[in-house]
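Open the model in your viewer and keep the selection tool at hand. The stops below say what to select next and what is there.

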Amino acid sequence: MSAPSATAHGHAHVAHTGHHELGFIRTYVFSTDHKMIARQFLFLGLFMMVIGGLLAMVVRWQLAWPETPVPGLSGILKETQGILEPSTYNMAFTMHATIMIFFVIMPILAGAFGNFCIPLMIGARDMAFPFLNMLSFWVTGSAGLIMLSGFFVEGGHAAAGWTSYVPLSAVPQYTGVNWGQNIWCISLFIMGIGSMMGAINYITTIINMRAPGMRLFRMPLVVWSLFITAILLLLALPVLTSGVAMLLFDRTLGTSWFRPSGGGEPLLWQHLFWYFGHPEVYILILPAMGIASEILPVFARKPIFGYHAMAFSLIGIAFLSWIVYGHHMFVSGMNPALGMAFTVTTMIIAVPSAIKTFNWLGTLWGGRIIFTVPMLNALAFVSMFVIGGLSGIFMASTPVDIYIQDTYFIVAHIHYVVFGGSIFGAFAGIYYWFPKMFGRMTNTALGYVHFWPTFVFFNLTFFPMHIIGVGGQMRRIYNPLQYEFLQHQQHWNVFITISAIGLGLAQIPFVVNFFWSLFAGKKAPLNPWNSNTLEWTAPSPPPHLNWGPTLPTVYRGPYEYSSPEAKEDFLPQTQPPVRAAAARH
Amino acid sequence: MLNWWLPENVSTYGHDIDWLFHLIYWITGITFILVAVTMIAFLVMYRDRPGRRARYTHGNTPLEIAWTIVPALILVVLTFLSLPAWSRIKMTMPQTDFVLQVTAKQFNWQVTYPGPDGKFGTEDDKTFLDEMHVPVNKVVRVNLKSQDVIHSFFVPQFRMKQDAVPGREIGQWFEVTKPGKYELPCAELCGFGHSGMKGWIYVHTAEEYAKWAAENLLAGSGAAPAEEKKSESTMEGKAKS
């Protein structure tokens, strides 16, 4: 595609929209503008994060002070005066994980940043299929609403864990949950459809709609990460979608996919679930890796170290993520010979993650590091991801996994990856793109007040979980004091819960900062961080169709910081090269 | 030095697991310290100061190769160190004449002894609820079954864990080196009674075990068998047979 034709195309679009202003509904509710859809996904994710976070507090209270009234719950759990019953507790941790994974991290990282960054950073006016994009949000939002409705049905919400292992989840009598589990299935089925719509859109947009000069290997790494994430979403989510449909049929139509009494196979569910579930982990972490790879060069004022190694390690992770899932099933009864094969692949998948970590360190080396709020969150991402990655090696070793499987060691590991990784990545991204997304700067002081307590309390909450996990505490138990071998470490549970409450309170400055900045923040300039990528050439916030009549043309890679070619320490992708211009004369 | 973390090990293969655990602990611990120290050093050394300009570099191929190959080698070695223990614990079954059947259900462990005739499924079987008696220094084979949902047979001090899956019978083994009383929790979420689903494994010396067996396993002995016997374990557990 040549530059002039793109320009002409752009002209036509701008002229077209100039004719009629969109009404309130089309602008804010049923919008097809990728930036508005991104904001909608962001608000959905942040709203759900409040619910998921409160559920975590309930779980932690029970574990520290078992069977005492949870403050604030006496109004809801009237019969027990606020004391959690085992079935309510099972529901709380099941829904904490379900909400955080499917309705917080996926909407924020893949939904919000995917929608916001992809068109703006590759120089497109919108997604390839704007209407499908709108549908994707509303389908996902409906799924979220359906998921929340499960709290109000008779028998309570799903209580078989976010993994919903069968036959526990397949037969209502086993949990006492009837409609809650059905709603869980229906909601995830719909969510799966919504995410497929988004994934198709992302892939098509990245392949077809890059601005002139935006070669694949000139794309910012966050776009690469979202591209790979979209491929994983497209290939992994349908497996979950089919799985939950089969589970729902077992529950309501009397089929026997998973119930041994009818000839079904319980392990089939685990194979389907983890075949989706392991790529899912990378769906949750890859965009955060991309965000960190974007922010580190900007605030180290230095090109990313090993751009190609970064891009290829993303691709490597994506490939390998399909053949490691069996490490979730080492003690499930799966053939132990298969366990050996999965050990090998699982060990290998640590290599691309190691490559990424070393390249992030390389990016810091010799830089001129500016400790802004997004940078601090990105650095937290890198360091916490290192811990989460290293603790994964324990599980990759099958004999060690025999012991730590299903203990708090696993809980610590997953939280270092999806909170220490994905959530710090999300915070970094929110602080970094907020000026472009909403046209206003966030408050820096409040940003520090949010970051430091979050970082400290995060570690105080989740690091001791390794210790109690090694001590043998099983995950998903209601009361550790029921076990003699766990009683000596109960003080850790109290410590973790107090830290978790601190972690929860540390989010208040974020909420204040977010809403205060939304309405009263300082107006953002075009390029507040002196970045190179294309989104900073569009106004803050970008108008419908992002740029004026001319689309940007790309002349170089995205990380040309402190280049000798430029007087300033940055060189935007759109700036024509001096040498080429001189050579023509 | 980490023994205050891990519970005491009393099984023959527990050492293999603990040794690997400690090895990985040191490898990952040292890696973490190196990465963290490097990162903090860079953050201090290369912090923004007036008049400085960042180094303009896009990477270094020999370095990329080095930090791909070194972790890969370490991980390959770890893999090969892990496989023998895995094979010994999960893929081989030592010869033994001591076989028990454990059928999990919501929310109990049903431990069945074959009785004097040495066969399961006969009249003289004895079943105990949440209670298992075994002799020390003897290989014990456990045939794990479940009659409803998935449970997980976990004995922290034995470093042993295996899911019990309805429709399957999974053979496992352990050999204990120290007499005592060990907790047997369920490690896989199995419903509202999951927490607190546990039994006790009593490991006796040979003489004590013989005494216990004489009192409890012989036909007509005064044992208190579990209230639910074979007849009820048909629903899910027998589906495969």
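Select helices α7 and α8 of chain A: α7(A) passes α8(A) in a left-handed crossing. A crossing is left-handed if the near helix is turned anticlockwise from the far one by less than a right angle, and right-handed if clockwise. By class, this contact of α7(A) with α8(A) has 25 nonpolar, six polar and one charged residues. Here Ala, Val, Leu, Ile, Met, Phe, Trp, Tyr, Cys and Pro count as nonpolar, Asp, Glu, Lys and Arg as charged, and the others, Gly among them, as polar. In chain A, α7 covers residues 179-208 and α8 covers residues 221-252; they pack at an angle of about 155°, with their axes 7 Å apart. Axes are lines fitted to C-alpha atoms, for helices over the stretch in contact, and angles run from 0 to 180 degrees between N-to-C directions. α7(A) and α8(A) are therefore roughly antiparallel to each other; angles under 35 degrees count as roughly parallel, over 145 as roughly antiparallel, 65 to 115 as roughly perpendicular and the rest as oblique.

The model is predicted: local features need pLDDT of at least 70 and side-chain atom pairs count only at pLDDT 80 or more, while totals for chains, interfaces and linings use all residues. Residues are numbered from 1 along each chain as its sequence is written, and chains are lettered from A and ligands numbered from 1 in the order in which they are written.

Now select the whole of chain A. Its secondary structure comes to 18 helices and zero strands, where helices (H or I, at least four residues) and strands (E, at least two) are DSSP runs, numbered from the N terminus. The C-alpha atoms of chain A fill a box of roughly 85 × 50 × 50 Å along the principal axes. Of the 585 residues in chain A, 61% are buried. A residue is buried if 20 or more other C-beta atoms lie within 10 Å of its own, exposed if 12 or fewer, and partly exposed in between, with C-beta atoms placed from the backbone.

Next, pick M310(A), which is found in helix α10 of chain A. Is M310(A) buried or exposed? M310(A) is buried, because 23 other C-beta atoms lie within 10 Å. Beyond its neighbours within four places in sequence, M310(A) is in contact with L221(A), S293(A), I304(A), K356(A) and N359(A); two residues are in contact if their C-beta atoms, placed from the backbone, lie within 7 Å.

Chain B is the next selection. It has three helices and ten strands, in the order α-α-β-β-β-β-β-β-β-β-β-β-α along the sequence. Of its 241 residues, 37% count as buried.

Then show both chains together. How many residues does each chain give to the contact? Chain A gives 82 residues and chain B gives 76. On the side of chain A that touches chain B, α11(A) gives the most, with 17 residues. That side divides into 49 nonpolar, 26 polar and seven charged residues.

Last, select α12(A) and α1(B). The axes of α12(A) and α1(B), residues 14-45 of chain B, come within 10 Å and cross at roughly 165°. That makes α12(A) roughly antiparallel to α1(B). α12(A) passes α1(B) in a right-handed crossing.
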